[in-house]
Amino acid sequence: MGVIREDELDGFLEIAVDAAKQAGQIIAGSFHSHKNVEHKGKVDLVTETDKACEKLIFELLQKHFPDHKFIGEETSALNGTAELTDEPTWIVDPLDGTTNFVHGFPFVCVSIGLTIGKVPSVGVVYNPILNELFTAVKGRGAFLNGSKITASSQDEIYKALLATEVGTKRDKATVDETTDRINNLLYKIRSLRMTGSCALNLCGVACGRLDIFYELGFGGPWDITAGVVILQEAGGRVFDPSGGPLELMSQRIAATNSHLQDAFLEALHKD
């Protein structure tokens with residue numbers, strides 16, 4: 001595929017927003033209803049709503065962009081994660097925060113990201129319960145319900161609010177490693193939050209509600225692609241928790257405002 005024109009990016013964003021809002025209506029409509037829950041793992045859940053939302057999004061994107069590739073959480077759960085190529089690729093989490101959804105905890109969202117040349121270029125994250133729509137196009141800034149957002153200006157880590165997640169694995173080694181890491185960080189930051197949504201954590205850093213976020217072992221690129229565009233366009237930074245560059249398919253991410261990356265990495269790796 002040739003160079004993407006600016007007006008094409010506008011079209012991509014418009015359709016992604018439409019898909020997110022339609023899927024959001026499904027989520028909102030069933031949020032307070034009984035859910036039929038399946039287990040993908042010991043604590044990793046999937047519902048009929050996840051599947052219905054992914055089907056809707058996939059069909060809408062395919063209708064408008066038949067030549068684009070598609071990586072979705074539920075299709076990847078069945079078939080394995082597709083390889084990420086240079087072709088325009090929609091990377092979708094139809095319902096990020098499924099456990100929250102099952103429990104009626106309102107941190108749930110639709111996450112729709114588009115990579116072009118493997119670079120996250122369009123991002124839409126929509127929480128239909130709180131009616132918050134985060135959007136971004138590479139090079140054009142990030143927005144919440146149409147208003148421009150920027151990451152925080154906090155430059156002292158001991159005043160930082162950090163978000164992380166415990167992940168879906170419950171073997172003793174992983175749990176101990178996770179809690180030891182958290183325990184170490186708690187002495188160096190203001191406080192900690194676990195919202196249960198990777199995409200919304202990234203958006204939280206993007207709009208300044210959070211200063212730092214990291215997670216190791218999340219589901220896949222559908223959790224982060226849209227949020228990465230939004231955070232970067234809000235002036236934040238994304239990187240691997242080792243300090244190296246972010247690998248979209250690696251299931252590892254760290255994110256900060258523009259001031260705290262070095263201090264966070266030092267805190268994360270120093271006992």
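Two strands count as paired here if DSSP finds at least two bridges between them. Keep that in mind for the sheet. And note that this is a predicted model.

So, the sheet. It is open, with 5 strands and mixed pairing, in the order β11-β10-β12-β14-β13. Which strands stand at the edges? β11, residues 191-193, and β13, residues 237-239. Each has a single partner strand, so one side of each is left without a neighbour in the sheet. On average, neighbouring strands are turned by 20 degrees against each other, direction ignored.

Now one pair in detail. β10, residues 161-163, runs parallel to β11, and 3 bridges join them. A163 has R193 in β11 as its bridge partner.

Next, the helices. α6, residues 198-206, packs on the sheet and touches β10, β12 and β14. Its direction makes about 155 degrees with that of β12. α7, residues 225-233, lies across β13 and β14, at about 135 degrees to β13.

Of its 16 lining residues, T174, T178, R181, L216 and G217 are closest to the centre. Which element gives the most to this lining? α5, with 5 residues. The classes here are 4 nonpolar, 6 polar and 6 charged.

Definitions and conventions
Residues numbered from 1 in each chain as written. Predicted model: local features only at pLDDT ≥ 70, side-chain atom pairs only at ≥ 80, totals over all residues. Heavy atoms only, no water. 1 Å grid on protein atoms, 1.4 Å probe; cavity = no way out; pocket = protein on both sides within 12 Å on 5 of 7 lines; lining within 4 Å. Helix = DSSP H or I, 4+ residues; strand = E, 2+ residues; numbered from the N terminus. Nonpolar A, V, L, I, M, F, W, Y, C, P; charged D, E, K, R; others polar. Axes fitted to C-alpha atoms, helices over the stretch in contact; angles between N-to-C directions. Contact = heavy atoms within 4.5 Å.
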